[in-house]
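Please find my note on this model below. The points are meant to be read alongside the coordinates.

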Amino acid sequence: VFANDFEAADALNGWDLGSQVERRTPEGTGTGEFVSAWSLGTAAEANAQGYFPVNDDPVGGRFAMANDAAAPCNCDMQDVQLASPVLDLSVRSGVALECRIFNENILGAGPASLEVSTTAGIWTAVDTFAVVEGAWQRVFVDLGAFDGATSFRFRFRWSDGGDWAGGFAVDDICIRERLAHDLVVTNAQVGASTASPFTMGDQG
């Protein structure tokens, strides 16, 4: 139905980036300069100042982020939203959203969530994301309740907690119809990931 891996230079075209945010001094005073809350970047760019250590996975890949810890922000990101283009689900059924997010919720950051809309200006929260430090997490959200909507949108919402914080990142978004028997392999490995490689004998 819809997909975006944010690798293209124009990957944010058609998205609503919300209101611009004011840059602040290290002491928290507004500078009067306003910039976009959302940008595209790599792990190296996200962690340019050492406070938003997004895992470089896949290496060199780009993603969308609200970054309060590297240029051009420290910014007032108490409530920022990234909203999708309008999607037509009128002939769709069993719709679901899949994506990856980086949400450490450290350095005073507030919650991150997913909201949806079928009527202009009205948004409903459908998921509050878990906090996972040091790793991308895979997200699956059942959107079947919105099957048939002609003007469907979704948005990511994040807060820096009203002060300086790290950031929030999202990548590899896919809106799709689920099958009757729907199995997705997200990770495959040989052996037990928590066992020492020097342990002798069988591992399951």
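1. Basis. This is a predicted model, in which local features need pLDDT of at least 70 and side-chain atom pairs count only at pLDDT 80 or more, while totals for chains, interfaces and linings use all residues. Residues are numbered from 1 along each chain as its sequence is written, and side-chain values use heavy atoms, with hydrogens and water left out.

2. Overall fold. The chain holds 1 helix and 12 strands; helices (H or I, at least four residues) and strands (E, at least two) are DSSP runs, numbered from the N terminus. The order along the sequence is β-β-β-β-α-β-β-β-β-β-β-β-β. Taken along the principal axes, the C-alpha atoms fill a box of roughly 60 × 50 × 30 Å.

3. Of the 204 residues, 40% count as buried, where buried means under 20% relative accessible area, exposed over 50%, and partly exposed in between (1.4 Å probe, protein chains only). Among contacts (heavy atoms within 4.5 Å) with a separation of 6 or more, 74% join residues 24 or more positions apart.

4. Largest pocket. The largest pocket has about 170 Å³ of space. A pocket here is an open set of points on a 1 Å grid over the protein atoms alone, where a 1.4 Å probe fits, with protein on both sides within 12 Å along at least five of seven lines; lining residues have an atom within 4 Å of a point. The volume is the space filled by probe spheres set on the points, and grid points are joined across faces, edges and corners.

5. Pocket lining. The residues lining the largest pocket are E98, C99, R138, V139, F140, D172, C174, V184, V185 and T186. Two or more of the lining residues come from each of β7 (95-102), β10 (137-142) and β12 (167-177), and β10 gives the largest share, 3 residues. The lining divides into 6 nonpolar, 1 polar and 3 charged residues; Ala, Val, Leu, Ile, Met, Phe, Trp, Tyr, Cys and Pro count as nonpolar, Asp, Glu, Lys and Arg as charged, and the others, Gly among them, as polar.

6. Aromatic pairs. The count is 14 aromatic pairs, for rings of Phe, Tyr and Trp (its six-membered ring) with centres within 6.5 Å; planes under 30 degrees apart count as stacked, over 60 as edge-to-face and the rest as tilted. The F156 and F168 rings are tilted, because their planes stand at 40°, with centres 6.3 Å apart. F156 lies in strand β11 (residues 153-158) and F168 in strand β12, so this pair ties together parts 12 residues apart in sequence. Both F156 and F168 are buried. One aromatic cluster is formed by F2, F6, W15, W38, F129, F154, F156 and F168.

7. R92. This residue sits in the loop between β6 (80-83) and β7. R92 has a relative accessible area of 31% and is therefore partly exposed. Beyond its neighbours within four places in sequence, R92 contacts V1, D147, G148 and E177. With E177 there is a side-chain to side-chain polar contact at 3.3 Å; such a contact is a pair of N or O atoms within 3.5 Å, and within protein one must be able to donate a hydrogen and the other to accept it, while residues adjacent in sequence count only if both atoms are side-chain atoms.

8. P111. The loop between β7 and β8 (112-119) carries P111, which counts as exposed at 57% relative accessibility. Not counting residues up to four places away in sequence, P111 touches N105, R157, W158 and S159.
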